[in-house]
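Morning, everyone. Please look at the structure on the screen.

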Amino acid sequence: MQRSQQMGNVFFCIYVDHVLRNFTVGHVGIGRPSSMHCGAAPLCGVLVLESGYGSGSYHHGEPAVHGLWPETGRYGTSQCIQPKERADPSSTSPCYDDLSFMRHEWEKHGVCAGVQDSSDYFSQICSLSKAPLAVMQSLKGKGATLEEMADALEEDQGYPVYYVDSSSDSQIYLSACSAGYGRPWQLADVAEFSMKCHP
């Protein structure tokens with residue numbers, strides 16, 4: 001095989017890999033959308049909900065909240081706004097049963113969420129996730145698939161489905177924004193960030 005043909009094959013493989021990593025059908029995809037744009041909102045991100053259909057630690061009887069992730073750095077244009085108090089959570093919240101996992105979420109995502117402290121962060125997560133998780137639980141009891149859950153959340157309930165993770169994690173990402181430090185996060189379509197979360 002000639003060198004030019006070999007190089008052509010290499011570039012083709014790189015191109016296919018790029019397409020597969022960023023391929024989505026509707027909101028269902030193999031890879032997350034490349035970047036979230038906050039518009040005029042200082043903070044934007046995703047509320048990630050586990051269907052329970054996943055494998056390993058993502059496999060459980062009821063849907064559950066994974067976390068609230070500001071889309072900073074390569075994930076989006078959200079600012080990283082530090083909390084007033086950085087101490088780790090010392091007890092579980094109503095929507096979590098694993099303190100070590102909560103500490104992981106706080107240290108990786110919460111410290112950039114513009115909240116006052118970890119209690120504020122997890123309180124907002126539990127509040128934001130309660131209603132959509134109830135919808136998912138009802139649908140799961142009827143045997144709905146991950147995609148059917150996402151469709152029902154978006155089309156029937158009006159939730160801003162940003163991405164459906166059809167990997168072995170089996171999660172639904174809802175888009176959300178905040179107007180800045182100490183301001184509550186709210187679920188919103190990306191196109192509405194500037195209007196709903198302008199400082």
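A disulfide here is a pair of cysteine sulfur atoms within 2.5 Å. This is a predicted model, where local features need pLDDT of at least 70, side-chain atom pairs count only at pLDDT 80 or more, and totals for chains, interfaces and linings use all residues. Residues are numbered from 1 along each chain as its sequence is written, and side-chain values use heavy atoms, with hydrogens and water left out.

How many disulfides does the structure hold? There are 4. Number the bonded cysteines in sequence order, and the pairing reads 1-2, 3-5, 4-6, 7-8.

Take C177 and C197. Their sulfur atoms sit 2.0 Å apart. The link is right-handed, with 70° about the S-S bond. This pair links distant parts of the chain, 20 residues apart: C177 is in strand β6 (residues 171-178), and C197 is in the segment after α5 (193-196). Strands (E, at least two residues) and helices (H or I, at least four) are DSSP runs, numbered from the N terminus. Both cysteines are buried. Buried means under 20% relative accessible area, exposed over 50%, and partly exposed in between, with a 1.4 Å probe and protein chains only.

Next, C80 and C112. Their sulfurs are 1.8 Å apart. This link is left-handed, at -75°. C80 lies in the loop between β4 (64-70) and α2 (99-108), and C112 in the loop between α2 and α3 (118-141), so the pair ties together parts 32 residues apart in sequence. C80 is partly exposed at 36%, while C112 is buried at 14%.

Last, C38 to C44, S to S 1.9 Å. That link is left-handed, with -75° about the S-S bond. C38 is buried at 1%, and C44 is buried at 0%.
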